[in-house]
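Open the model in your viewer and keep the selection panel at hand.

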Amino acid sequence: MHELSIVSSIVESVTESLAAYPGAQVKEVRLRVGALASVIEDSLLFCYEIATEDTPLAGSKLVVKILPVVMHCEPCRADVELPGLQSFRCPQCGELVADMRQGRELEIDSIEIEENP
Amino acid sequence: MTTRIVELRRGILKKNDELAAGLRERFTAAGVLVLNLVSSPGTGKTAFLQRTLIELRARGARVAALVGDLETDNDAQRLAASGAPVRQINTHGICHLDAEMIDKHLADWEGVELGRLDFLFIENVGNLVCPSSYDLGERVRVALLSVTEGEDKPLKYPTMFNSADAAVITKMDLAEPCSFDRELALKNIREIRPGIQIFETSAKTGEGMKAWLNYLALEGGGRGARLDGETVAVPQPIPIRRETAPSPQPVEATPEPEEVFAEPELAPSGEGFTSVREAKEYLVGLIDDEARRSGHPLMEVERKMLYDSAKGWTLREIDQVRETFNLYHDPVEYEEKISGLIRSVRQRARAGKDRQFEAWTEAVHALGREKHYLLDLIAAAGETPRLRGRRLKLWLVLLVCAVLAGVAIWMGLHPDEIKVYVPNTH
């Protein structure tokens, strides 16, 4: 539901970074999105086209990398990847796990630009 | 043409996160505990918050609330009935509150200073998805779930429930008619957020509110760490903070809950009450104090309804009070509740101090023959149901005796008219 505001923030953020590369054209914007970030990839892609119109990002491609949830399991002394979001239990020992190491990311990883020398 | 990859590694909601971090610092410096309440629409956030505000205020805490909705200020109006400062944030279509909205609405909130608050509640827009991405600078995020929503809600919305610091189950008074599977709901919440504190409450009956208030006291009083893992909260009395206190005080231990509320001032005995208003205020004050003592303080509108009058002195805003009352309260339940309170007040007055009982009686007399709702309520509370029951039995026995005696006398006066039917055997 709030993907449009997220995409607007992306446009704002990328436009700011482009100041260092005058004349550059954005080809791709790569995101890292945690599985628990409450953001849906399809909605992001859908909003992206609309929100980038008439901006330096127009015509660029959005690539979303979904990161699985990683929890720290104390009994196993290991970081474990959760297979789904229906249960916060260690897939190895079955204990409940509360210490999150990855899963809420919502960030721009990098952008690919084309420069005229 | 050269292609280049520029590493940004930047949070998309960085602006919001930075603003929220700044707010959190301000809240901590001001000594105010800020809570963000999130749930689906219709879970009962407003009713739960209203009750919380009332109960905290009754305990002397300084509270305020910001309430987010797409449109209307209905919720703010309901919450304002608690007497706490309340401000509505209309998002006009946006599905969540963000740090900027909070910052803006705090900046020009007349009469509210963070430094003079103990608790600030933020009621988010009813939505279990989007608000989870937006940090508002709160220290405690509370996810609410009502018994009417189904026990699997936490499984359906793991992003929200996993980000919460506390969970509140609302409308527990409807658990039975809804066939609410309590164990399953608790299990589901813990499956998504291991170690979370869960409160089972009803804003209507007051069930579970004590545990919740104790939690607030513990979190707000700066006592100890956050309650994570399997730690069980030791119930602590709510800290008593008075408006006049120069700065927020640490949690004080209260030996007896009775002492939290001062004895109502006694009316000058012998001289009686000089006006209906004085008498009414005295009686309402006693009933109000009794409600607090019982652990279920009266809501503002319930208290004000006690002033209702067809003829004679009443509150200026009584029409509005009546309207709100009719909207949200069941008069039968209300009258039963007040009857119970009146009986307790009378019992306490009788058992304790002669002067107080005298004052009570005088106040009732002072209301005289005018039409006051309060007089009806006091009359209805007449006796305890047991006594009334016993008297009813006595009346029935007397009635039967009278009828039997009447029949016997009639038979004695008219012996000829008594014909006994004998069946013909021929």
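Two strands pair if DSSP finds at least two bridges between them. Helices (H or I, at least four residues) and strands (E, at least two) are DSSP runs, numbered from the N terminus.

This is a predicted model: local features need pLDDT of at least 70, side-chain atom pairs count only at pLDDT 80 or more, and totals for chains, interfaces and linings use all residues. Residues are numbered from 1 along each chain as its sequence is written, and chains are lettered from A and ligands numbered from 1 in the order in which they are written.

**Stop one: between the chains**

Select β6(A) and β1(B), residues 2-11 of chain B. These strands run antiparallel, joined by eight bridges. Pick A:E114; its bridge partner in β1(B) is B:T3.

Now widen to the whole contact (C-beta atoms, placed from the backbone, within 7 Å). Chain A brings 29 residues and chain B 28 residues. On the side of chain A that touches chain B, α1 (3-17) and β6 (106-115) each supply at least two residues. β6(A) gives the most, with ten residues.

**Stop two: helix α2(A)**

Select residues 41-52 of chain A.

Which residues of α2(A) are buried (20 or more other C-beta atoms within 10 Å of its own, C-beta atoms being placed from the backbone; exposed is 12 or fewer, partly exposed in between)? Show A:Y48, A:A51 and A:T52. What covers them includes α1 and β2 (61-67) of chain A. Turn to the other side of α2(A): A:D42 and A:I50 are exposed.

Notes
Contact = placed C-beta atoms within 7 Å. Expected span 1.5 Å × (residues − 1).
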